[in-house]
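Subject: Structure handover

Hello,

Here is the structure for you to open. Please keep it on screen while you read my notes below.

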Amino acid sequence: MSEPVVRIDNVSKVFHQAGLFNRGPGFTAVSNVSLAVTKNSTLGIVGESGSGKSTLLRMVLRLISPSAGRIFINGADIWALRGKSLKAMRREVQPIFQNPASSFNPRHTIRAILLAPLEVHGIGTAAERRERIHTLLRRVGLDPAIETRLPHQLSGGQKQRIAIARAVILGPSLVLADEPTSALDVSVQAQVLKLFSDIKYDFGLTTIFVSHNLAVIREVSDEVAVMRQGEVVEQGTVDQIFDDPQHPYTRELLAAVPVPEIMRNKEREPQS
């Protein structure tokens, strides 16, 4: 059996308040979580706000360190990496955040935003970089002429398309998406999810997709982990979780999803 792209082994995160006298037990955001993500698959992580899913994702991104446990990407312990090995890992692992505008420099044009990672990693000549940017803009459904605009001149859907383009421009093996469609209206959300799935297929990506939206998780995931109060309470295939949930919390989440009125009307129709 091949090594998973991501392996999370007994990872916990406890936050302590800063200060000399704050030596209490702290707040446990993630507790003893173990997960694995196989190549070219999508793990959806779902749970209510405060369940620890975004904290877990930030540890995989190496933005915050775990209090306990280890995280492996492509077989390497990410917190043991240094120098060139760490830079190589950064190229292989790319994020897509909930609010892309907050991760864009507001003074930089779209071209500068997409050019920066190519320059940092020394990829291509100036002409090759420009061509790569134009090709990728077309691939995410945007006119290359948009490269001269600033982030505030774009719609929410356009910004998220730029965020997807930036995430894949280095050719990563792993993309980590944290609530990437929650700030979009329903019609734009559907378009971005379709793009996300197409890009995943085209680039052969392994993905972790965090959301509180069960419909979104069902749309994009192969495997699902349900988090509650920092713990994974249930995990399985998307069909297992949605069609035959075992944990009471999972059943509560599914029961809380409103049934569309059209479905209620159909249920009321007399059988012929």
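Ile 110, Ile 113, Leu 114 and Pro 117 in helix H3 meet Ile 162, Ala 165 and Arg 166 in helix H5. Contact means heavy atoms within 4.5 Å. By class, this contact of H3 with H5 has six nonpolar residues, no polar ones and one charged. Here Ala, Val, Leu, Ile, Met, Phe, Trp, Tyr, Cys and Pro count as nonpolar, Asp, Glu, Lys and Arg as charged, and the others, Gly among them, as polar.

This is a predicted model: local features need pLDDT of at least 70, side-chain atom pairs count only at pLDDT 80 or more, and totals for chains, interfaces and linings use all residues. Residues are numbered from 1 along each chain as its sequence is written, and side-chain values use heavy atoms, with hydrogens and water left out.

Helices and strands

Helices (H or I, at least four residues) and strands (E, at least two) are DSSP runs, numbered from the N terminus. H3 covers residues 110-120 and H5 covers residues 156-168. They pack at an angle of about 20°, with their axes 9 Å apart. Axes are lines fitted to C-alpha atoms, for helices over the stretch in contact, and angles run from 0 to 180 degrees between N-to-C directions. H3 and H5 are therefore roughly parallel to each other. Angles under 35 degrees count as roughly parallel, over 145 as roughly antiparallel, 65 to 115 as roughly perpendicular and the rest as oblique. H3 passes H5 in a right-handed crossing. A crossing is right-handed if the near helix is turned clockwise from the far one by less than a right angle, and left-handed if anticlockwise.

Now H3 and H4. Their axes come within 10 Å and cross at roughly 125°. That makes H3 oblique to H4. The crossing of H3 and H4 is right-handed. On the H3 side, Arg 111, Leu 114, Leu 115, Leu 118 and Glu 119 take part. They meet Arg 129, Arg 130, Arg 132, Ile 133 and Leu 137 in H4. This contact of H3 with H4 divides into five nonpolar, no polar and five charged residues.

Two residues to look up

Arg 129 is found in helix H4 (residues 126-139). Is Arg 129 buried or exposed? Arg 129 counts as buried, because its relative accessibility is 17%. Buried means under 20% relative accessible area, exposed over 50%, partly exposed in between (1.4 Å probe, protein chains only). Leaving aside neighbours within four places in sequence, Arg 129 is in contact with residues including Leu 115, Leu 118 and Glu 119.

Gly 69 is in strand S4 (residues 68-73). Gly 69 has 36% relative accessibility, so it counts as partly exposed. The C-alpha atoms of Gly 69 and Asn 10 are separated by 4.8 Å, though the two residues are 59 apart along the chain. Beyond four places in sequence, Gly 69 is in contact with Asp 9, Asn 10 and Val 11.

The sheet

An open sheet of six strands has the order S6-S7-S8-S3-S9-S10, with mixed pairing. Two strands pair if DSSP finds at least two bridges between them. The edge strands are S6 (93-96) and S10 (231-237), and each pairs on one side only. S7 (residues 174-178) and S8 (residues 206-211) run parallel, joined by five bridges. Asp 178 stands opposite Val 210 in S8. Helix H1 (residues 53-60) packs on the sheet, touching S3, S7, S8 and S9.

Best wishes
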